[in-house]
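My notes are kept in the order in which I made them.

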Amino acid sequence: MKFSSVLSTIAIVFATKSLAISWEEADAKAREWCKDLTNEEKITLVTGRENMTGVCVGSIDPIERKGFKGICLQDGPAGVRFAKGTATSWQASINTAATFDRKLLRKVGEAQGKEFYQRGINVALAPSMGIQRAPAAGRIFESYGEDPFYVGQCGLEVLKGIQSQGVIANAKHFIANDQENNRGASTSNVPEQALWDVYMEPFYRTVIDGEAGTVMASYNAINGTYSTQNKRLLTDSLKGKLGFQGFVMSDWWAIFDVEKSFGAGTDMNMPGGKYWGPDYVDDSFWGKHILECIEKGVFPQERLDDAVLRIIRTMYKLDQMDNYPEVNLYVDTNTKENAALNRKVGADSNVLLKNADNILPLKKSKKVKKIAVIGKDSMPPTLCEDMRCANGTLPLGWGSGTTDFKYVVDPLSAITKRAKKANLKVTSYGDDDAKKAAKVAKNADVAIVFVQADSGEEYITVEGNAGDRLNLDLWHGGNELIEAVAAVNKNTIVVIHSPGPVNVPFLDKVKGIIFAGLPGQETGNAITDVLFGDVNPSGHLPYTWAPREDYPTDVKYEPEYPDGGDKMTVYDYNEGLFVGYRWFDKNEIKPTFPFGYGLSYTTFEYSDLEADMEDDGLYVTLTVKNTGKVAGAAVPMIFLSFPESVKDYPVRLFKGFDKVMLKAGQSKEVKIFIDDHGLSYYDVESEDYVRPKEGEFTVFAGSNASDLPLRVNVLANGDDYSEDEAENEEEVSAEVEEDNEDSASEDEKELKKRSYKNY
């Protein structure tokens with residue numbers, strides 16, 4: 001898709017108050033409103049005031065002369081932060097992603113947006129759209145996994161939901177802020193094609209398809225230039241090529257000067273002060289210094305005018321300039337409806353990793369009368385500020401992406417209640433001592449062991465982990481706990497609460513494994529629904545699960561450097577395009593569990609794959625049949641191999657999906673559309689997205705990245721195959737990896753030189 005035609009391609013109309021007017025109409029209103037502003041008032045609009053000492057985590061002062069009430073900005077991805085338990089404590093974004101359900105993603109965004117709106121919060125600091133490069137990275141639970149297409153689709157649905165309620169959604173963190181160690185003093189060195197095809201992709205979708213109101217510039221540098229100071233990325237790429245009409249804010253205290261940051265295209269300084277703390281409420285790198293720079297000719301008056309226009313234009317776009325609710329963070333919105341939605345997403349995000357001998361779901365029988373619930377992770381949690389402790393069950397990770405919990409339904413309480421209904425006896429041990437746990441589990445017919453690992457944001461250290469995890473082991477002796485129980489009970493089931501993959505040395509020693517992620521306040525009910533079969537598990541991994549050493553990259557653990565300085569931790573993105581399953585495909589590495597993996601209490605069959613190439617994109621149809629005995633939801637996934645003319649490209653790319661509920665024995669035809677952009681790649685030489693018009697795409701369909709039984713080829717130009725070509729197509733080997741091996745023989749040095757040419 002040519003950048004020059006990007007804005008003209010936005011043709012989706014949403015019947016909501018927030019998108020009732022176009023950007024052009026909002027612009028006209030904003031220009032009229034701004035025309036009599038003084039420069040001092042303009043400075044007020046771009047410089048945060050209270051430095052996170054007020055009610056909101058970020059705030060812009062009112063302008064009484066104009067009847068302007070100011071702006072309130074608040075975290076975050078799991079709900080309203082610092083609401084003292086009055087707001088819903090939602091599941092982590094990685095759980096929402098694991099549902100592979102667009103409707104649920106949209107509903108979560110709508111419900112969260114409504115809670116922000118009811119409090120008079122103008123900007124919700126969500127969605128977070130980092131790419132999971134390394135499983136130990138601290139904030140992976142705040143985003144949606146490893147695949148750029150899928151992260152973009154999740155971010156898009158959540159953002160649309162938030163903005164449908166009249167709240168400005170904040171697409172973050174722009175860009176390549178994928179690890180915590182020295183995040184404010186690090187550089188992510190990203191090859192040009194990977195920058196656009198991988199890390200820009202979620203922002204492409206949320207900016208162009210979602211009309212995002214604001215984007216947050218991240219802490220880190222990109223190829224040596226800090227994001228807030230990176231004119232090429234903020235002004236030339238985001239505002240220029242992508243046509244972004246909203247405003248760019250900084251991450252908190254990610255502004256280190258005025259000349260470079262404001263001049264580069266950052267429009268709002270959050271939270272305003274130079275550094276953390278009340279001493280810097282009136283001490284900013286911006287403020288009056290912007291006017292000094294204008295007077296010196298460092299940047300023109302038009303730069304200030306544009307920043308102000310972007311802020312006010314966005315507020316008009318979302319209908320916030322008149323009759324917006326007053327700020328009150330403590331309106332009680334933790335409703336039964338929200339709790340029910342959190343419970344459903346939690347249940348639907350449970351990923352069934354193993355179910356030997358159909359040990360699940362639990363039901364009373366001659367062999368199962370008594371179950372043992374083991375582990376401190378099954379118990380009520382200690383609710384520390386920003387979840388800076390891991391004691392009891394784990395509903396969320398730590399940092400700004402968490403909430404103040406009103407309550408947490410612990411697994412033991414929920415299981416005990418449900419077991420009583422099923423006439424099953426429950427015995428329990430709510431700690432992590434392996435020997436004591438084994439004694440309790442020994443006499444039970446089934447043992448359920450709850451274990452955990454945790455991570456979060458860099459400013460908090462929990463049990464020696466400064467944001468990023470030190471390793472992928474379970475915490476609190478989880479492996480030893482499982483092995484001790486499994487040694488005395490052959491029917492052991494493991495439930496894992498964690499932000500991402502963990503080591504599973506017990507994989508062959510237990511009968512069942514459920515990955516529950518970080519499910520929020522209804523965590524106990526969500527896992528109980530699946531354990532007892534009230535909900536058939538339909539979650540799928542939005543990332544590849546493997547030993548740490550098998551991934552192409554990792555986090556670092558360097559000593560702390562001053563934020564914004566020249567001394568930086570260097571993160572080389574040498575894997576380029578090959579993140580996640582793409583790396584495993586390229587190197588023929590078999591993961592523990594592939595991207596998209598997830599079992600069900602039923603089985604599914606895929607057939608009748610067809611693909612038709614049209615001018616506007618690729619139309620794919622296939623049939624999905626429930627071949628089991630109970631109803632369940634299937635997630636057919638579509639992967640594409642690009643034509644051979646596209647060199648040094650991944651073996652296949654995830655490009656489409658749907659979620660289909662099927663009764664036992666039922667079949668449905670599923671239709672999946674891949675648009676023009678989804679069929680394009682970023683060409684470094686032309687500096688644009690290019691859709692191949694020659695050669696053929698190979699379309700794969702199945703249940704995960706390693707299980708794609710269906711395949712069909714389609715000509716890139718949309719023509720039908722001739723008889724000779726059709727015969728040749730039948731003879732082509734399904735081992736497309738061989739094609740990739742041929743392309744890998746290109747001169748890698750020249751490729752790298754070309755990839756970095758714009759820096």
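The entries below cover the basis of the work, then the pocket, the cavities and the cysteines.

**Basis.** I worked on a predicted model, in which local features need pLDDT of at least 70, side-chain atom pairs count only at pLDDT 80 or more, and totals for chains, interfaces and linings use all residues. Residues are numbered from 1 along each chain as its sequence is written, and side-chain values use heavy atoms, with hydrogens and water left out.

**Terms for the spaces.** Rolling a probe the size of a water molecule over the atoms shows where empty space is left. On a 1 Å grid over the protein atoms alone, I took a cavity as a set of points where a 1.4 Å probe fits but cannot get out, and a pocket as an open set with protein on both sides within 12 Å along at least five of seven lines. A residue counts as lining if it has an atom within 4 Å of a point. Points are joined across faces, edges and corners, and a volume is the space filled by probe spheres set on the points.

**Largest pocket.** I looked up its volume and found about 870 Å³. The lining of this pocket comprises 37 residues, and those nearest its centre are R183, Y219, W252, W253 and Y459. I sorted the lining by class (nonpolar: Ala, Val, Leu, Ile, Met, Phe, Trp, Tyr, Cys and Pro; charged: Asp, Glu, Lys and Arg; polar: the others, Gly among them).

**Cavities.** How many cavities of 30 Å³ or more are there? I recorded six. The largest cavity holds about 170 Å³ of space. It is lined by 18 residues, with G130, R139, I140, N177 and D178 closest to its centre. By class, I noted nine polar, five charged and four nonpolar residues in the lining of the largest cavity.

The second largest cavity holds about 140 Å³. Its lining has 13 residues, of which D197, E201, R582, K655 and S680 are the closest to the centre. I then asked which elements give two or more residues to this lining, and found α5 (148-163), α7 (201-209) and β21 (653-657); helices (H or I, at least four residues) and strands (E, at least two) are DSSP runs, numbered from the N terminus. The lining of the second largest cavity divides into five nonpolar, five charged and three polar residues.

**Disulfides.** Taking a disulfide as a pair of cysteine sulfur atoms within 2.5 Å, I counted two. In sequence order of the bonded cysteines, the pairing is 1-2, 3-4.

The link of C56 and C72 is left-handed, at -105° about the S-S bond. C56 lies in the loop between α2 (39-46) and β1 (58-60), and C72 lies in strand β2 (residues 71-75), 16 residues apart.

The other disulfide joins C384 to C389, S to S 1.8 Å. Its torsion about the S-S bond is about 100°, so the disulfide is right-handed.

**Exposure of the cysteines.** I used relative accessible area (buried under 20%, exposed over 50%, partly exposed in between; 1.4 Å probe, protein chains only). C56 is buried at 7%, and C72 is buried at 1%. C384 is partly exposed at 25%, whereas C389 is buried at 15%. I also looked up C34, which is buried at 11%, and C154, which is buried at 0%.
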